[in-house]
Amino acid sequence: MAWLTFFALVVGSTAVSYVARERRHRRRWQLVEQPRITAGVGAYREGAIAAGNLAEAPAPLRAVVFLCIAYGRAVTFALLATAAYLAGAHTEALAVPTLHVMVGYFAAGGGVGAVVAMIIAALVMRASTDLLVRDPRRVFERTRATALASVALHGLVALNASTGAWIVGTRGRSLDDTLRSTWHLALAASLHGVLLLALAYRYRAELTATRRA
């Protein structure tokens, strides 16, 4: 029941946030011209003409925006459940796995992985807005930096969690179960970072396009 509630909160709040942001910033994407098409026949009649402007952001990019918001919401609600558990609430179904992952990120992330992971979650949330706002001056660079940081951290944690090459702060205790859970989450977060990076490059031209005179 706790996990069902968690899933409903994440998906529900993500959907509300996504719809509000997408509608608010849709006009920014309507300034982007669609690829020109060739019209006419013959050497003196054939030419490239404008095919109009985009109606909204491309569907793959909008899907990544939704995932970015869900990413941030999941981290937020997991941390809230953990804080409530530490304060005495009965949210252990969510809090205990979260604590395991935080310990895993600490141990496999050089002692700072958990803190850096929370910072990156905030940056991923910012990226979701950046992609919809489509500020040509900085959206690509900021999104790329966020994606690279995410891949670097989560990739490092996934590698260390799976191999045990560089685990800190264990004091001789076995963290096998904790690191196993951490590996799954770190792998998923790494793949999300790769997807975010790929989409930033795929739509770089549209993200940085300016209105033509």
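The crossing of α1 and α2 is right-handed; a crossing counts as left-handed if the near helix is turned anticlockwise from the far one by less than a right angle, and as right-handed if clockwise. Helices (H or I, at least four residues) are DSSP runs, numbered from the N terminus. This is a predicted model, in which local features need pLDDT of at least 70, side-chain atom pairs count only at pLDDT 80 or more, and totals for chains, interfaces and linings use all residues. Residues are numbered from 1 along each chain as its sequence is written, and side-chain values use heavy atoms, with hydrogens and water left out.

Start with this pair. Helix α1 spans residues 2-29 and helix α2 residues 59-86. They pack at an angle of about 140 degrees, with axes 9 Å apart. That makes α1 oblique to α2. Axes are lines fitted to C-alpha atoms, for helices over the stretch in contact, and angles run from 0 to 180 degrees between N-to-C directions. Angles under 35 degrees count as roughly parallel, over 145 as roughly antiparallel, 65 to 115 as roughly perpendicular and the rest as oblique.

The α1 side of the contact (heavy atoms within 4.5 Å) includes F6, Y18, R21 and W29. Among the α2 residues they meet are R62, F66, R73 and F77. The contact residues divide into 14 nonpolar, three polar and four charged. Here Ala, Val, Leu, Ile, Met, Phe, Trp, Tyr, Cys and Pro count as nonpolar, Asp, Glu, Lys and Arg as charged, and the others, Gly among them, as polar.

F6 of α1 also meets α3, where A2, W3 and F6 contact A93, L94 and P97. The axes of α1 and α3 come within 8 Å and cross at roughly 75 degrees. The two are therefore roughly perpendicular.

Next, α3 packs on α6 at an angle of about 80 degrees, with axes 8 Å apart. The contact includes H100, V101 and Y105 of α3 and T178, T182 and L185 of α6. Its residues divide into eight nonpolar, four polar and no charged.

V101 and L185 return in the largest pocket: with Y71, A74 and V75, they lie nearest its centre among 25 lining residues. Helices α1, α2, α3 (92-108), α4 (113-133) and α6 (176-202) each supply at least two lining residues. The largest share, seven residues, comes from α2. The lining divides into 21 nonpolar, four polar and no charged residues.

Methods: On a 1 Å grid over the protein atoms alone, a cavity is a set of points where a 1.4 Å probe fits but cannot get out, and a pocket is an open set with protein on both sides within 12 Å along at least five of seven lines; lining residues have an atom within 4 Å of a point.
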